[in-house]
Amino acid sequence: MKFLGIFLLAVILSTVSGQTTSFKDKVEDLKRAFGAVLDDTSAEIAGLTAQLQEMKEERAELDRAHAWQALHMAAAAACRGSTASGGTGPWGNAVLAKENTRSCNQVCGATVFSRCDADISISGYTGQATSYTQRLGHFYNYGCGTPGNTHVLFDEVKAGKDDVFKDISTGNWFYRFCCCRRP
């Protein structure tokens, strides 16, 4: 009987030992599989993070481009309103960035739009109006014959790419433009 007990114990230990080895192998397989999933997931997260960063940069560039376009459209409207005739001739008129050290006669004169109708300076605040008495922007018409205010912050070409987002409260005042037409 003792022999039968020892034999059964040996069979049970052999079975348990085989199952332990089998469980260890399965645990190792699961660890490898989980590691592969973790590596794949980490790579996907890194890819998505890079894609989000690229989208943020593209969005910032688009916002910047639209801000400059809005400024140029405002300059065109200011030029239209600053000329007695509203702009004349058989060709479209031009709005040119004004170099801070030159007159608009000089700026316009260097192009096919050689006649200056106005030298305008415009500035606007960011955000939506909240009242009917709120100051939203500023404008000047300096005339074509002199450089006017020569402060470099008024020169769009010399401005930083994000300066279009600044206003008087954040360090920028005006941008200057020449309203030019062909003779």
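**Disulfides and a pocket**

Cysteine 116 and cysteine 144 are both buried, where buried means under 20% relative accessible area, with exposed over 50% and partly exposed in between (1.4 Å probe, protein chains only). The model you are looking at is predicted, so local features need pLDDT of at least 70 and side-chain atom pairs count only at pLDDT 80 or more, while totals for chains, interfaces and linings use all residues. Residues are numbered from 1 along each chain as its sequence is written, and side-chain values use heavy atoms, leaving out hydrogens and water.

Let us stay with that pair. The sulfur atoms of cysteine 116 and cysteine 144 lie 2.0 Å apart and form a disulfide, a term used here for a pair of cysteine sulfur atoms within 2.5 Å. Cysteine 116 sits in strand 2 and cysteine 144 in the loop between strand 3 (137-141) and strand 4, so their link ties together parts that are 28 residues apart in sequence. Helices (H or I, at least four residues) and strands (E, at least two) are DSSP runs, numbered from the N terminus. The torsion about this S-S bond, linking cysteine 116 and cysteine 144, is -75°, and the link is left-handed.

By this rule the structure has 4 disulfides. Another of them joins cysteine 108 to cysteine 180, with an S to S distance of 1.9 Å. Because cysteine 108 lies in helix 2 (residues 104-109) and cysteine 180 in strand 4, this pair connects parts 72 residues apart in sequence. Cysteine 108 counts as buried at 0% relative accessibility, and cysteine 180 is buried too, at 1%.

Strand 4 (residues 175-181) also holds cysteine 179, whose partner, cysteine 79, is in helix 1, 100 residues apart. With the bonded cysteines of the protein chain numbered in sequence order, the pairing reads 1-7, 2-6, 3-8, 4-5.

Now for the largest pocket, which has a volume of about 350 Å³. On a 1 Å grid over the protein atoms alone, a pocket is an open set of points where a 1.4 Å probe fits, with protein on both sides within 12 Å along at least five of seven lines; lining residues have an atom within 4 Å of a point. Of its 17 lining residues, Ala67, Leu71, Ser123, Gly124 and Val164 are the closest to the centre. Helix 1 (2-82) and strand 2 (115-124) each supply at least two lining residues, and helix 1 gives the most, with 4.

Key. Points joined across faces, edges and corners; volume = space filled by probe spheres on them.
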